[in-house]
Structure formats: structure tokens, C-alpha cells
Amino acid sequence: MPGPSNLTEYLQTLSPGRRELFDRLIAEVSAVGTPEAISRLVFRAGQTDHPDYADAGAVFWKAVEQMYLRGAVSDGDLPVLFWGFHTLDLLGRRHSRGVLVTDRSLYVEGVDDLDAIPLSLASLGTSEIRIEGTALRVRDTPVDLAPTERVLAPDDRPAVARYLAAVIDTVRGTVAVTEPPVEAPATVEELVLASRLSSDFSLPSRPKDAKHLAKLSAKWKLPASDRPLASLSSATLAGVYGIAITDAALYSRDLMEDVNRTPLADITEITWDAEAKGFRIASDHRAPAVPAITADNREYAAALLTSLVRSAAR
């Protein structure tokens, strides 16, 4: 199942309470005065009145995809503003450079960076956003402003730092005064759907996935009393391998090996085991990684699996 292809689809994966907070954030951020000299490079979520670009929504979403979704440190962030620009690589592909603001973090990507640097909004001082020479610096991460010289005069660069600081203060203030609605804890399915590994998991609510889970349950001989909730698994000629979570336990199987089982109540935290190149479920239980797990997402996947186990145990 593919991930969201635009902001509207992304927001639909979030809870009603998170969507309500998003609406409040957008209203407050929109009220922050944007200096005309820097407005060409300001892209707000849901903006329909950009002064220069009719495709401002697409520019914003590309920044969300490249700077947040590709290397998210948490699921379900509310992206509200992108200040930045595009650069082209040797193949003519566009890359978002600049600062992406969410309700929890700042993602900063300089011209030469491969991945955006995430910074917690709670611990970031607005004085840490400043202009140094030809760069916008956020804490220790610089964004080279040389590519903007045609649209941003050197004398106007300090306005960028002041504007971003005002936006951050607004976001923090809005989040701080918002009383979170009382919501039921997220289910395993909700956590999977909101994650950036959604398409790599199998869920019983998806018809094609349901067949895969049924095959896994039969091949692994799971107890009939167990209700499969999700799996991160792959099928090969040698059988199905990976991880399956039921309402009673976490099961795993590597190729050519027996199924391993740990009751949910016995799992404290799932971590990545670099030596075993798999997940540490318990002291005597290691689970294999499937092709979807890479160096870029294995720590994220371990944290997600921990959340799924805790949800399944409730």
C-alpha cells in the first residue's frame, strides 16, 4: 500500500485530535507577519495565496516527503511551514533545502546534506537561528544561501531568521495551550497506518494482506486462539520469514529455522542488534530483518515494533 501522496492524504492518517491541532496551528502561523522581501521562499501548509508560485502546495509537500517522512524521528508530526528552495542534482532531480517546521521538530537541510537534521522544537532556542555570513544557521547546521541570491538580497537575510523564530514561538505557544483531547490509545493498525513503514507491514484489514497473514499463520502453526494483528514479513521459496504480532505474543522466524515466540508481557523494549543484524526481542529471542529494513530505518523500526507490542498488550 503506497504512502500518502499529498498533505490531505497524510492528515487523514492522523487522529481527529491531531487534525484539530493542525487547523489551529495553521491559523496561528498564517497570522505571523511575513516580510515581503522573504515571502517568495515561504511555503505554509495549505497555502492558496502564495505571491509567486501557483504550485506552492506541491513545493511544500515535496519538502515534507524529503525532509520529514524520509527520516522522521517520530510519527504523526504536523508540518506547518517550509522556508527554503530547490536545488537540482546532476540528473535534474529537485531537492528541498532549508527549514521545515512541525509541531515537534525542526528539520534542517543544507545544500550539501544528504538527509535533513532533526532538532527538537522544545529544546531549540530562537537565538540559535541566525545569519552567519552567507548561511542561515540553525544551532550547528548551516543552510548555504548562495542559491537564493537572485531572490533574497543579503540585507534581507536577517529577516529570515527573525521570521522563523517568530513562527517557532507561535507553534510552541499554540501547542502549549492546547488541551489534548481524551482519546482511546492507538491500536496496532492505527500505529502501522500512521508510520512510514505502513506499506511494508501486513494488516488483516487489507484483503491481500489477510491472505498473507493466513498463510503465515498456517506455515508457522500459530495457535488458533491467537489473533494476528500485524506482520513485518516476507515470502520466499524457502518459506515465510520475519515478525508477526498477535494479541498474545510476538513470533519470528528466520529462513531454515524454527519459529520463536515471546509473550507480549515479557517484552520490555525491542532494539536493533547490530551483531546479529536483526531485532532483539528478549534476551533469548532475536528476530530477522526483512528487505524493507535498512540502515536508515532500523532504529525507527525497532521503536515502532516496541509501540506495536505495547498496543497489542493492552
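**Figure 1. Tyrosine 10 and tryptophan 61 are both buried in this predicted model.** The rings of these two residues have their centres 6.3 Å apart. Their planes meet at 50°, so the pair counts as tilted. The pair links distant parts of the chain. Tyrosine 10 belongs to helix H1 and tryptophan 61 to helix H3, 51 residues apart. Tyrosine 10 also pairs with tyrosine 68, with ring centres 6.5 Å apart. Here the planes stand at 85°, so this pair is edge-to-face. Tyrosine 68 lies in helix H3 and tyrosine 10 in helix H1, so the pair ties together parts that are 58 residues apart in sequence. Both tyrosine 10 and tyrosine 68 are buried. Tyr10, Trp61 and Tyr68 form one aromatic cluster together with Tyr107. Across the whole structure, a search finds seven aromatic pairs.

**Figure 2. Helix H3 spans residues 56-68.** This helix has 13 residues. From its first C-alpha to its last, H3 reaches 17 Å, close to the 18 Å expected at 1.5 Å a residue. Its buried residues are Ala56, Val59, Phe60, Trp61, Ala63, Val64, Gln66, Met67 and Tyr68. Their cover includes helix H1 (7-12). It also includes strands S1 (42-44), S2 (79-88), S3 (94-102) and S4 (105-109). H3 lies across S1, S2, S3 and S4. Its course makes an angle of about 85° to S3.

**Figure 3. Five strands form an open sheet.** Their order is S1-S2-S3-S4-S5, and the pairing is antiparallel. S1 and S5 (117-120) are the edge strands, and each pairs on one side only. From one strand to the next, the twist averages 30°. Strands of a sheet pair through backbone hydrogen bonds. Helix H2 (residues 16-30) lies across S1 and S2. H2 runs at about 70° to S2.

**Figure 4. S1 and S2 pair in the antiparallel sense.** Three bridges make up this pairing. Arginine 44 has leucine 81 in S2 as its bridge partner. Glycine 84 also has its place in strand S2. Is glycine 84 buried or exposed? Glycine 84 is buried, because its relative accessible area is 0%, and buried means under 20%. What does glycine 84 contact, leaving aside its neighbours within four places in sequence? The residues in contact with glycine 84 are Leu41, Phe43, Arg97 and Gly98. Serine 5 is 79 residues from glycine 84 in sequence. In space, the two are 21 Å apart, C-alpha to C-alpha.

**Figure 5. Strand S4 is mostly covered.** Five of its five residues are buried. Ser105, Tyr107 and Glu109 point one way from the strand. Leu106 and Val108 point the other way. S4 runs antiparallel to S3, and four bridges join the two strands. A hairpin leads from S3 to S4 through two residues. Glycine 98 has glutamate 109 in S4 as its bridge partner. S4 also pairs with S5 in the antiparallel sense, over four bridges. In that pairing, tyrosine 107 stands opposite proline 118 in S5. Tyr107 is also one of the members of the aromatic cluster with Tyr10, Trp61 and Tyr68.

**Figure 6. Leucine 106 sits in the largest nonpolar core.** This core has 53 residues. Which residues have the most contacts inside the core? They are Leu81, Trp83, Leu106 and Leu136. Leu81 is also the bridge partner of arginine 44. A second, separate core has 29 residues. Phe201, Ile293, Leu304 and Leu308 are among them.

Notes
Residues are numbered from 1 along each chain as its sequence is written. This is a predicted model: local features need pLDDT of at least 70, side-chain atom pairs count only at pLDDT 80 or more; totals for chains, interfaces and linings use all residues. Side-chain values use heavy atoms; hydrogens and water are left out. The expected span of a helix is 1.5 Å times one less than its number of residues. Buried means under 20% relative accessible area, exposed over 50%, partly exposed in between (1.4 Å probe, protein chains only). Contact means heavy atoms within 4.5 Å. A nonpolar core is a set of buried Ala, Val, Leu, Ile, Met, Phe, Trp, Tyr and Cys residues joined through side-chain atoms within 4.5 Å. Two strands pair if DSSP finds at least two bridges between them. Axes are lines fitted to C-alpha atoms, for helices over the stretch in contact, and angles run from 0 to 180 degrees between N-to-C directions. Rings of Phe, Tyr and Trp (its six-membered ring) pair if their centres lie within 6.5 Å; planes under 30 degrees apart count as stacked, over 60 as edge-to-face and the rest as tilted.
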